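I opened a new model today and kept notes as I went. Here is what I looked up.

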Amino acid sequence: MEKAAALLSRAADLDKAQRYSESLICYQEGIQMLFDVMKTVKEEERPALRGKIEQWMKRAEVVKGLSQQEKEVLVRHNQVNVEEGDTGYDYKRVFSCVFQGKKPLAVEVDDAYVRSHHQVTNFFALL
C-alpha cells in the first residue's frame, strides 16, 4: 500500500508540473498496485479503497486526455531554418508541410528581411 501511495503521490506531483505523459504512467502503475492491494484487504475496508481507486482513475482519464493534446501539439510544431544567403525558399515550400490544406490557427514569422511590399503581399496571399 505504501508503494502505491508513493507512486500516486509522484503522479500528482508530475501532474502539477504539467508532465502529463510521465504522470499518466505513474497513475496507471499506482492504480494497478491498489487493485492488487484490494485483493488482500478485509471486506469492510474494500469500499473505501474502491472509492480512492475511482478518484485516481478519474484523474488519470483527465491526464490521459491532456497527454494526447500535448502530443498533438508537439506533432504540429515545425521549424524551418533558412541560413543567410540560401535561395529557393518560397512560402509554399516552407509552409506546405505545416498547412497540409488546412488554415493554421497561428503563424509566427521571425524574419527581419520581410520589408518590401511584394514580400508582405506574397505572405498574405499564402494565408
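I started with the residues where H1 meets H2. On the H1 side I listed Lys3, Ala4, Leu7, Leu8, Arg10, Ala11, Ala12, Leu14 and Asp15. Facing them in H2 are Tyr20, Glu22, Ser23, Cys26, Tyr27, Glu29, Gly30, Ile31, Met33 and Leu34. I sorted the residues of this contact by type: 12 are nonpolar, two polar and five charged. I note that the model is predicted.

Next I checked the geometry of the pair. H1 covers residues 2–16 and H2 covers residues 20–38. Their axes lie 8 Å apart, at an angle of about 160°. Angles over 145 degrees count as roughly antiparallel, so H1 is roughly antiparallel to H2. The crossing of H1 past H2 is left-handed.

Then I turned to the largest nonpolar core. It holds 19 residues. Which of them touch the most other members? I found Tyr27, Leu34, Leu49 and Ile53. H1, H2 and helix H3 (46–76) each supply at least two residues of this core. H2 gives the largest share, with eight residues.

I followed Tyr27 further. Leaving out residues up to four places away in sequence, I saw that Tyr27 touches Leu8, Ala11, Ala12, Asp15, Trp56, Arg59, Ala60 and Val63. Of these, Leu8, Ala11, Ala12 and Asp15 are also on my H1 list.

Last, I stepped back to the whole protein. I counted five helices and zero strands. From the N terminus on, the order reads α-α-α-α-α. Of the 127 residues, 21% are buried. Among contacts with a separation of 6 or more, 47% join residues 24 or more positions apart.

Definitions and conventions
Residues numbered from 1 in each chain as written. Predicted model: local features only at pLDDT ≥ 70, side-chain atom pairs only at ≥ 80, totals over all residues. Heavy atoms only, no water. Axes fitted to C-alpha atoms, helices over the stretch in contact; angles between N-to-C directions. Helix = DSSP H or I, 4+ residues; strand = E, 2+ residues; numbered from the N terminus. Parallel < 35°, antiparallel > 145°, perpendicular 65-115°, else oblique. Left-handed = near helix turned anticlockwise from the far one by under 90°. Contact = heavy atoms within 4.5 Å. Nonpolar A, V, L, I, M, F, W, Y, C, P; charged D, E, K, R; others polar. Core = buried A, V, L, I, M, F, W, Y, C linked by side-chain atoms within 4.5 Å. Buried < 20%, exposed > 50% of the residue type's maximum accessible area, 1.4 Å probe, protein only.
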